[in-house]
Amino acid sequence: MSPAPKTPEDKAKLIASLKDKVSPYLTDEYWTSDDYLYKWIQDRMYSVEKAEKALRKCLKWRLDNKIDGILEENFEDLHKNLVYYIDGRDNSGRVVLTIPCNLCSMKDAFEAGNKDRLMRFFRQMIEHAAAQIRSECLQNPGSPSTIACVIDFDGVDMTKSTPEGEPNQIQ
C-alpha cells in the first residue's frame with residue numbers, strides 16, 4: 001500500500017504517472033480525465049503500478065468483448081421481452097438503472113439458445129448507463145460515477161418452481 005497523497009501536487013503526480021503509462025490505450029475522452037484515472041489509483045491503495053495493471057486488464061476485456069461498439073448493436077428482438085430504464089439520478093446523484101422484472105421474460109431467449117446474445121444485451125444495458133455517466137462526468141467533473149441498479153420484483157411470483165422442481169433463488 002502506498003501512502004495517500006498529502007497535497008494536490010502529490011495527487012497530480014500520481015495521475016500524471018498513470019496517464020503516461022496508459023494514455024495511448026485510452027479511446028474515450030472520459031477515460032483520460034483526471035477524476036477517472038484517480039479512481040483507479042484510489043481503488044488500488046494509491047499504487048500506480050496496481051492501477052495500471054487493473055486498467056489494462058479492463059481495457060483488454062473491453063477490446064476482447066468488443067464493448068466499444070456495443071451501443072450500435074441492434075437488440076430489438078430482445079427489447080420486446082426485456083425492459084430497462086435509465087431513470088435519472090438517486091438522492092446521491094448516481095445514475096439509476098431500473099429493471100422491472102414483471103415486464104421481462106428471458107424464457108424465449110433461453111429457449112432459442114441465445115444465451116450469448118442475451119449476455120451481450122445485458123452488457124449493452126450496462127454500457128448505456130456507463131455512457132451516460134461518462135457524458136455527465138465530462139460536463140460536470142466530480143459528478144458521481146456509479147450506478148444504482150434497482151431490480152424491481154413487484155408483481156413477480158417468486159413461489160413458482162423451476163422445471164427441475166427447485167425453488168427459484170437469486171444467485
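This is a predicted model: local features need pLDDT of at least 70, side-chain atom pairs count only at pLDDT 80 or more; totals for chains, interfaces and linings use all residues.
Residues are numbered from 1 along each chain as its sequence is written, and side-chain values use heavy atoms, with hydrogens and water left out.

**Second largest pocket**

- A pocket is an open set of points on a 1 Å grid over the protein atoms alone, where a 1.4 Å probe fits, with protein on both sides within 12 Å along at least five of seven lines; lining residues have an atom within 4 Å of a point.
- The lining consists of 20 residues, and Trp31, Tyr36, Arg62, Ala130 and Arg134 lie nearest the centre.
- Two or more lining residues come from each of α2, α3 (48-64) and α6 (115-139); helices are DSSP runs (H or I, at least four residues) numbered from the N terminus.
- The most is given by α6, with six residues.
- Eleven lining residues are nonpolar, two polar and seven charged (Ala, Val, Leu, Ile, Met, Phe, Trp, Tyr, Cys and Pro count as nonpolar, Asp, Glu, Lys and Arg as charged, the others, Gly among them, as polar).

**Packing of α1 and α2**

- Helices α1 (residues 8-22) and α2 (residues 34-43) pack at about 95° with axes 9 Å apart, the axes being lines fitted to C-alpha atoms over the stretch in contact and angles running from 0 to 180 degrees between N-to-C directions.
- That angle makes α1 roughly perpendicular to α2 (65 to 115 degrees).
- In the contact (heavy atoms within 4.5 Å), α1 supplies Lys11, Leu14, Ile15, Leu18, Lys19 and Val22, and α2 supplies Asp34, Leu37, Tyr38, Trp40 and Ile41.
- This contact has eight nonpolar, no polar and three charged residues.

**Aromatic pairs**

- The whole structure holds six aromatic pairs (ring centres of Phe, Tyr and Trp, the last by its six-membered ring, within 6.5 Å).
- Tyr36 and Trp40 form an edge-to-face pair, 6.1 Å centre to centre with 75° between the planes (edge-to-face is over 60 degrees).
- Tyr36 and Trp40 are separated by about one helical turn, because they are four residues apart in α2.

**Positive phi**

- Most residues other than glycine have a negative phi.
- Tyr46, in the loop between α2 and α3, has a positive phi of about 65°.
- Lys66, in the loop between α3 and α4 (76-79), has a positive phi near 50°.

Methods:
Angles under 35 degrees count as roughly parallel, over 145 as roughly antiparallel, 65 to 115 as roughly perpendicular and the rest as oblique. Rings of Phe, Tyr and Trp (its six-membered ring) pair if their centres lie within 6.5 Å; planes under 30 degrees apart count as stacked, over 60 as edge-to-face and the rest as tilted.
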